[in-house]
Amino acid sequence: MEVAMLCTRVSLLILILSLCSPYKFIQSPMDFGPLNLLPTTTTASSDFGRILFHSPAAVLKPQSSRDISLLLSFLSGSSLSKVTVAARGAGHSIHGQAQALDGIVVEMCSLPAEIELYKGGEGEISYADVSGGVMWIDLLEQSLKLGLAPRSWTDYLYLTVGGTLSNAGISGQTFKHGPQISNVLQLEVVTGRGEIVTCSPSKDADLFNAVLGGLGQFGIITRARILLQEAPQKVKWVRAFYDDFSTFTQNQELLVSMPDLVDYVEGFIVLNEQSLHSSSIAFPANVDFNPDFGTKNNPNIYYCIEFAVHNYQHENTNVEQVVEVISRQMSHMVSQLYSVEVSYFDFLNRVRMEEMSLRSIGLWEVHHPWLNMFVPKAGINDFRDLLMDNVSPDSFEGLILIYPLLRDKWDTNTSVVLPDSGSTDRVMYVVGILRSANPEGGCSYHCLQELLRRHRRIADTAGVHLGAKQYLAHHPTPSGWHQHFGRRWERFAERKTRFDPLRILGPGQGIFPRRDDNAAFGS
Ligand code: FAD
């Protein structure tokens with residue numbers, strides 16, 4: 001063992017020297033004793049956005065938390081080193097957040113996929129202990145075998161637990177249960193110093209809170225304890241259409257005010273035929289909605305609310321009646337309400353159907369210039385106008401999601417950034433502009449750059465005038481990040497100094513340049 005450790009140390013030193021060297025003399029696979037670092041893999045330099053492709057110098061496929069600890073302990077003990085490290089989950093980031101240019105990418109999916117379930121008795125909680133690289137779809141499949149499931153989700157389940165907990169993890173259940181980061185009981189984290197720490201709200205709470213929504217800056221999540229609830233068998237899934245934005249948002253707010261009846265609320269803008277049909281693949285109802293989209297110069301815009309009610313068969317809930325009670329209070333377009341009953345699994349896994357359909361026509365692996373923003377309720381009408389000034393309804397490809405969240409379901413001790421609560425509004429909105437830009441369909445380099453410019457314009461204007469904040473944020477400069485965090489910056493920077501003082505972790509976010517690159521920043 002001693003020999004192996006020495007071998008690792010020597011090998012890591014060679015790696016560091018090679019990474020710091022202008023000549024990059026190590027190019028072949030690297031055997032570092034128990035730590036087998038590979039030269040770059042195709043996945044390590046790419047992500048879902050397909051906008052940035054930063055190659056690392058090496059990739060670690062860890063077999064345990066200890067492997068990650070060994071790497072970070074060594075790098076943090078070497079003042080010579082400028083090496084950075086990024087954890088990569090499923091790589092579904094947009095702007096290279098899980099990449100490490102000339103650094104080391106840790107592929108979290110290589111960790112043994114452990115999922116241990118604990119079903120509590122009467123009055124006790126149930127939870128799952130899972131490794132950080134496990135995907136939510138795998139946790140769902142395993143927990144359903146015991147009739148259990150996590151309470152809070154993302155729309156798409158082929159994302160890792162560590163990846164979404166580093167952001168927030170939101171979906172239509174967030175208004176009721178909070179984001180995924182509000183549904184974690186405990187974490188195992190390897191800090192930037194290489195320490196393996198088990199933390200929770202009552203033990204090393206500062207690290208626990210820092211890491212949740214922490215954009216991979218403070219430590220690598222190697223294990224998480226996720227709260228579970230009893231899983232419904234079926235879900236009544238409802239869609240209702242609107243031709244007026246204010247009525248649409250008022251009805252969404254009505255729905256989130258009824259958590260005893262409603263289990264899920266989202267919504268999207270219907271700009272054109274494509275946006276009507278692309279989001280309907282998984283919704284197996286016969287939707288007889290044939291709106292007049294107007295003309296290019298005078299478009300008609302529609303909106304769709306999507307809500308769901310869980311059907312726990314043993315409780316004898318009459319979901320038809322519940323939906324009837326709810327829909328009687330809604331003001332959607334006449335006869336434009338559709339509902340369907342599906343299994344809970346199919347409901348949660350609905351985006352997979354969209355993925356398979358897009359893959360089959362070559363439209364999944366295209367550029368994805370996405371922008372997600374949290375918008376205060378007071379600014380949502382202005383945000384809608386700003387959005388429409390920057391979108392061409394007839395040619396828009398993708399989906400625009402809009403749905404309300406409730407502030408009091410978020411823990412402000414975590415690292416997540418929300419709009420300042422200047423007013424007493426409990427409601428805020430998330431807006432996701434989820435564009436596809438297909439080079440084969442005519443959107444290559446210049447077109448993509450133009451879309452990115454428009455999104456930046458929306459983000460900057462909404463930030464300055466409406467107090468909106470980006471979710472899954474991307475800021476090209478450290479000063480942009482400084483503004484993003486606003487009054488939360490000092491706490492974020494102080495946490496960085498404590499848990500990753502050499503700024504080794506999360507280089508793809510571009511928040512903290514390595515200390516020796518720019519010693520003045522943020523200090
Ligand atoms: P990666 O992209 O691999 O990593 C993201 C960040 O987290 C990087 O900074 C990385 O270094 C860091 N990281 C990864 N693993 C760890 C770890 N174990 N410990 C510490 N840091 C780590 N988000 C939502 O909230 N709701 C949605 O409904 C939703 N839907 C989506 C649908 C699609 C089709 C896609 C592509 C994305 C969606 N997202 C959604 C965004 C998604 O949650 C984020 O992109 C998330 O980061 C993806 O997880 P990942 O495992 O791919 O992370």
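Helix H7 is largely enclosed by the rest of the structure, because 9 of its 12 residues are buried. Keep in mind that this is a predicted model, with an average pLDDT of 91 over the protein chain.

**Helix H7**
- H7 covers residues 245-256 and reaches 17 Å from its first C-alpha to its last, close to the 16 Å expected at 1.5 Å a residue.
- Its buried residues are Phe245, Thr247, Phe248, Thr249, Asn251, Gln252, Glu253, Leu255 and Val256.
- The N-terminal end of H7 is capped by Asp244, which places a side-chain oxygen 3.4 Å from the backbone nitrogen of Ser246.

**Helix H3 and what covers it**
- In H3, which spans residues 136-144, the buried residues include Trp136, Ile137, Leu139, Leu140 and Ser143.
- Viewed down the helix axis, the buried residues of H3 fall within an arc of 160°, so they line one face of the helix.
- Strands E6 (115-118), E7 (126-131), E8 (148-150) and E11 are part of the cover over these buried residues, as are helices H4 (161-165) and H10 (344-348).

**Gln229 in strand E11**
- Strand E11, one of the elements that cover H3, runs over residues 219-230 and contains Gln229.
- Is Gln229 buried or exposed? Gln229 is buried: its relative accessible area is 16%, and the cut-off for buried is under 20%.
- Setting aside neighbours within four places in sequence, Gln229 is in contact with Gly147, Leu148, Ala149, Pro150 and Arg151, and also with His177, His310, Tyr312 and Tyr344.

**Around the ligand**
- There are 33 residues around the ligand, and Ala87, Gly89, Ser93, Thr160 and Tyr471 come nearest.

**Where to be careful**
- Across the protein chain, 91% of the residues score a pLDDT of at least 70.
- Residues 21-29 have a pLDDT below 50, and this stretch has 11 contacts in the model beyond near neighbours in sequence.
- Residues 517-523 also have a pLDDT below 50, with 13 contacts in the model beyond near neighbours in sequence.

Definitions and conventions: Residues numbered from 1 in each chain as written. Predicted model: local features only at pLDDT ≥ 70, side-chain atom pairs only at ≥ 80, totals over all residues. Heavy atoms only, no water. Helix = DSSP H or I, 4+ residues; strand = E, 2+ residues; numbered from the N terminus. Expected span 1.5 Å × (residues − 1). Buried < 20%, exposed > 50% of the residue type's maximum accessible area, 1.4 Å probe, protein only. Polar contact = N/O pair within 3.5 Å; in protein donor to acceptor, adjacent residues only side chain to side chain. Contact = heavy atoms within 4.5 Å. pLDDT = per-residue confidence, 0-100. Arc of directions from axis to C-beta. Near = heavy atom within 4 Å.
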